[in-house]
Amino acid sequence: MAQSQTLVLNVPETPEDHDSPCEESEVHDSFHQLIQEQSLRVAEEGLELLQVAGDPGASASAHQVLLGDSSGPVYSTATLSILASMPSRTIGRSRGAILSQYYNRTIQLRRRSSRSSRPPLGPVVCSARPSLRLYDLELDPAALQEEEKRSLLVKELQGLSAAQRDHMLRGMPVSLQEKRFLREKSRIPRGKQRARQGRDGLCCCSQLRYTCALALHNLGLVLLTCLHALKPWRYALKQIGGQFGSSVLSYFLFLKTLLLFNALLLLPLVAFLVAVQAAFPPEARPVPACTGLELLTGGGCFTHTVMYYGYYRNTTLSVPCGSPQCGPGAGTLPYNMPLAYLFTVGAAFFLTCFTLVYSMSHAFGESYRVGSTKGVHAITVFCSWDYKVTQRWASRLQRDNIRTQLKELLAEWQLRRASRSMCGRLRQATVLAVVWLLCLGAAMGCAVAVLAFSEVTIQSPVVAGQEAGLLVLPLGVSLLNLGAPYLFRGLATLEQHDSPVLEVYMAICRNLVLKMAILGVLCYHWLGRRVATLQGGCWEDFVGQELYRFLVMDFVFALLDSLLGELGWRLILEKKLRRRKPEFDIAKNVLDLIYGQTLTWLGVLFSPLLPAVQILRLLVLFQVKKASLLANCQAPRRPWLASHMSTVFLTLLCFPSFLGAAVFLCYAVWQVKPSDTCGPFRTLRTMYEAGTVWVRHLEQAGPGAQWLSWLRRYLVENTFFLFLASALLMAVIYLNIQVVKGQRKVICLLKEQIRNEGEDKIFLINRLHAVYERKERSRVGRAVEAETAALVTDAGDR
Amino acid sequence: MRLFYRYQDLAPQLVPLDYTSCPAVKVPYELIGSMPELKDNPFRERIVQVFSEDGDGHMTLDNFLDMFSVMSGMAPRDLKAYYAFRIYDFNDDNYICAWDLEQTVTRLTRGELSAEEISLVCEKVLDEADSDHDGRLSLEDFQSMILRAPDFLSTFHIRI
């Protein structure tokens, strides 16, 4: 074999005779020695080599047969002692091996970091990409004792930066005691160094500094524990995770994420718009009396408040100058309201977009890997038991789920082996196409119905006294949103899917198409038709109120669905049909959350306080959903992949939802004429004009602003720059795609290499075993011969 | 501190409140296995054995802290994969062989799969995860398989 030939080149020419050795160093020598003996016998036993090696490209199912009984490989003690000291075996056992491995790693890290200034392992805390694990498991053949290895490692750790050292220590699989010891040892000498370098007077200063630093550190720890205890809903989330598992928990975590997004959106709006305008109220208008209906309709006494667009002034706000002594520029607070409105809403949206894209890419990085679709059995066995589950009945349920999953996987595999006929596949495809057409048709039908209904509401305008009539359109839309998913679920029973995950994703897609169609129709209705009919009045206020109404109606329906729907369904299932509790429908609930968030984003321009309403809604929804879940539901039978789910939810939030809202906003800002009687953009042609007016103002203000006009002419209003930017972006995306393709190829090649190495290892072990066997036999044979010779001479003597 | 109080609550008469003298106190396995976070976990015996000092299941405070820090949400993936490997390696030979896999699957399903199904599952797992084709999973095989399972971090997590 070519491999054994190359190994021979390094072997020393020491033909000593060894007994079965137990010392590590002797073992290594004997190993080399044996390979040399082996190579000498190549010529004699060429045939045997070929027989044992077999065909390296053997079929995938046949693992290389090891010599010995079929129950398991049986080796001699010599072979076993060599195997026990192989590097890959010792990593789990001896602490010394772990320490020496990390010693090697830190040396390489230092070499690399001294070559390049960037810390190579900086932001990569949780990733474990294979290309970064460059350790080599060479155990020092001089067999360093554990203490020496430890001191070497400590020395190396001192050479690293603090962040790298912490990262290294955190990843080491040794006990906390050992880590603490290593950290202390690698920290203290630095202090001694500093004390030595400074003058004597500085010694007590540095001691004081250390005590201060220690006190601060303890304070920080106390704060962290308090924060951890105060983390909102920590116990509730633990309870939910313990009883229902990770997949249901992901819904509640998504709710928490949405809460954070809304808080992020609300903060700049309150700081720069609401608070300022509330401090400078416009001239007083007759405010109608507050009846209870405002909470539902958003009109009435809410109309002329900071809640809606119409309240905001279109002038520059400033502190009124009381005394006659104040000249221009003294004691004034010039605050250009139209500009502030435009820029604040734009900045808030931009911030939300940035945060969304960042968290989505982070989630993608966590949950998708190149080549991650294979290995589903192994993943089910090792990664599907959720260690968070704490209740007895919940863990029993989890066991049932895993059993069902394994049975389904086996059935799927057997089904795939007996592949479906062409006829069956064609039939399945036709059924799928028909059901999709029906669902899409139903969605289009709902959209058309909403359009017609909205036209009817325009034709028959609401009289001042009957504000409840305004609630009819939101009511209709909410009813459609409630009923259509049941229709889709009914249609979906016609098709038979092999994989349950695909079923769920298809259900999500259909519901999403329905919701987006309805929202699209409503946007056209508001920006197209309402603007035209309400030209004399304040259409922005009306649109803001409509969105408020939709949000509130959706909330009411969600509450009714949880309280009555789930409760009622559970009673029916338990009493009448004697079945288990209903499952918690994750897809429907998540889509409802996304729908509500889309409405909020659509309405931010017209009602700056809408995110606050959404925050209140989410807080109440969390408690209600949690109560309903604990009382009425059980975990879904078909467990989702929890990590994929959060990525999917964030993607759905970003792509149809946020993108649509951004398009709506851009259209409203760029194309639609604001109303003349209210709001900060009363006198302008479009809302965007406030920005251009300001820029022109700046250009004319002084000679130093030439670059501004240049910027405006060549970058903002010239389309060439946009084309260039998008072309660059597409080039970057293409490059990344090619890199991923290349990585996939590399992974295949590496897998092949690992397989070959494994086969080589087995071959070498077999040869080693064969060699020891032969030695043993020859030794036994020699001993027998010597005995018989002795007996013969004895007998001859006598 | 919270973890210390939990540890102390397990055996109030054994564990002193004052740890400055570093007493050598071990809480026996039966008490640890009865913690609500662990009592319904089919692998609790192995978890406690892996983290205990002598592999017998009796844990000192350091072992206890170790266990919950590795099982927490902040431990790096490699560390968790290493300890998961040791937990699933029932016979402690640094390889997950077919027998270890059978034990794992039996405990996961509490004996509700037939013997034939269990062996089929073990065979498929070895097919998928064993990259050097030696009939069992080494640490490297396990870790590269874990890389492909992004929800490992969320399931191998105990909240306390």
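Residues are numbered from 1 along each chain as its sequence is written, chains are lettered from A in the order in which they are written, and side-chain values use heavy atoms, with hydrogens and water left out.

The model scores ipTM 0.87 and pTM 0.69. Chain B averages 83, and 99% of its residues score at least 70. Chain A averages 75, with 75% of the residues at 70 or above. In chain A, residues 1–28 stay under 50. Where pLDDT is low, the predicted coordinates should not be read in detail.

The interface involves 71 residues of chain B and 73 residues of chain A. The buried area is about 6700 Å², of which carbon and sulfur atoms give 57%. This area is the accessible area (1.4 Å probe) that two parts lose on being put together, summed over both.

Eight residue pairs, both members at pLDDT 80 or more, are in polar contact between the chains. A polar contact is a pair of N or O atoms within 3.5 Å; within protein, one must be able to donate a hydrogen and the other to accept it, and residues adjacent in sequence count only if both atoms are side-chain atoms. On chain B, helices 4 (61–70), 5 (77–88), 6 (98–109), 7 (115–129), 8 (139–147) and 9 (152–155) each supply at least two residues to the side touching chain A. Helix 7 gives the most, with eight residues. Helices are DSSP runs (H or I, at least four residues), numbered from the N terminus. This side of chain B divides into 34 nonpolar, 11 polar and 26 charged residues.

Over all chains, 19 salt bridges were counted. The criterion is a side-chain nitrogen of Lys or Arg within 4 Å of a carboxyl oxygen of Asp or Glu. Two salt bridges cross the interface. One pairs Asp62(B) with Arg180(A), the closest N and O atoms being 2.9 Å apart. Arg180(A) lies in helix 9 (residues 176–197) of chain A, and Asp62(B) in helix 4 of chain B.

Conventions
Contact = heavy atoms within 4.5 Å. Nonpolar A, V, L, I, M, F, W, Y, C, P; charged D, E, K, R; others polar. pLDDT = per-residue confidence, 0-100.
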